[in-house]
Amino acid sequence: MAKLKFSSLLFFSLILVISIYSAAASSILDDRQLGGSNFPSVHAKKLIRELNLFPKEDVNVVDEGKVSLPGGPKLVEKRFKFPNLALPGGVSVEDLGHHAGYYKLPNSHDASMFYFFFESRNSKKDPVVIWLTGGPGCSSELALFYENGPFTIADNMSLTWNEYGWDQASNLLYVDQPIGTGFSFSSDRRDIRHNEDEVSNDLYDFLQAFFAEHPELVKNDFFITGESYAGHYIPAFAARVHKGNKAKEGIQINLKGFAIGNGLTDPAIQYKAYTDYALDMGVIKKSDYNRLNKLVPICEMAIKLCGNVASEIASLVL
């Protein structure tokens, strides 16, 4: 009961801080006339919704029996071609080397992890690179279509080849994770993950199944990459792979390194540096800098309270 009261106190304190922060931030936005709908992010979100890159629900938990996959921990993969992708004459789906699949996670109640796999356009001996988008809860298809994937989306909604796609130099994996993200789903809410250990264990299980399905890639160099909140996932996942290799668990994965772009690792440290960087780069003026820095103490308190509330709730639930 004492724990519950303490958690409730923390929760309502967090709500209060967020309310104060929102009011202060709103005041600054109104002052700068930034509150309108002309932000690029507003239009980007609309386009993404129209392309159905986000499932309907925030967390992809489906009714039991609604989706049928083979029983038992098994990877189900199929070669495919996107219908709006133009191919040169004579190129078959087999030649294309594009795959999509689900893996039913063994250490779960009813979770299945979705992924895309694109064979290298250069050589099958190229490194295997896995990409993890952050969020938490952002589908990796965002990177596939908007960042480093084989395609870009043209104005007429057709797909065109991306001349900077990473599949020109690597065998490229995009995984929707953690469970509940994108097309990765479960019929049991107990499969929703709450920490990096759970996330990295699921990814490690998936990787073991993937390399069992593609033994020709086992000896290739392997790299873990991603962005934003994947600054949490990637080090944990790399550590899990290293641990598995050291303990000789399953297939030895030829981990060579990892890369984090724009990573969120410690917001309490990083957020304070944003205004310094923006001022140095000429993005904001000194007056903007001073106004924004007034929000830093409130932001720091919200971060601390959020972490405390999450820890307390987790201790009560688990």
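Buried denotes under 20% relative accessible area, exposed over 50%, and partly exposed the range in between (1.4 Å probe, protein chains only). The model is predicted: local features need pLDDT of at least 70, side-chain atom pairs count only at pLDDT 80 or more, and totals for chains, interfaces and linings use all residues. Residues are numbered from 1 along each chain as its sequence is written, and side-chain values use heavy atoms, with hydrogens and water left out.

**View 1. Salt bridge between Arg 193 and Asp 202.** The two side chains meet at 2.6 Å, N to O; a salt bridge places a side-chain nitrogen of Lys or Arg within 4 Å of a carboxyl oxygen of Asp or Glu. Asp 202 counts as buried at 4% relative accessibility, and Arg 193 is buried at 16%.

**View 2. Salt-bridge network of Arg 79, Glu 94, Glu 119 and Lys 124.** Within this network, the closest N and O atoms of Glu 119 and Lys 124 are 3.9 Å apart. Glu 119 is buried, with a relative accessible area of 12%, whereas Lys 124 is partly exposed at 48%.

**View 3. Surroundings of Thr 133.** Thr 133 is buried because its relative accessibility is 5%. Its side chain forms a polar contact of 2.9 Å with that of Trp 131 (a pair of N or O atoms within 3.5 Å; within protein, one must be able to donate a hydrogen and the other to accept it, and residues adjacent in sequence count only if both atoms are side-chain atoms). Not counting residues up to four places away in sequence, Thr 133 touches residues including Gln 177, Glu 227 and Tyr 233 (heavy atoms within 4.5 Å).
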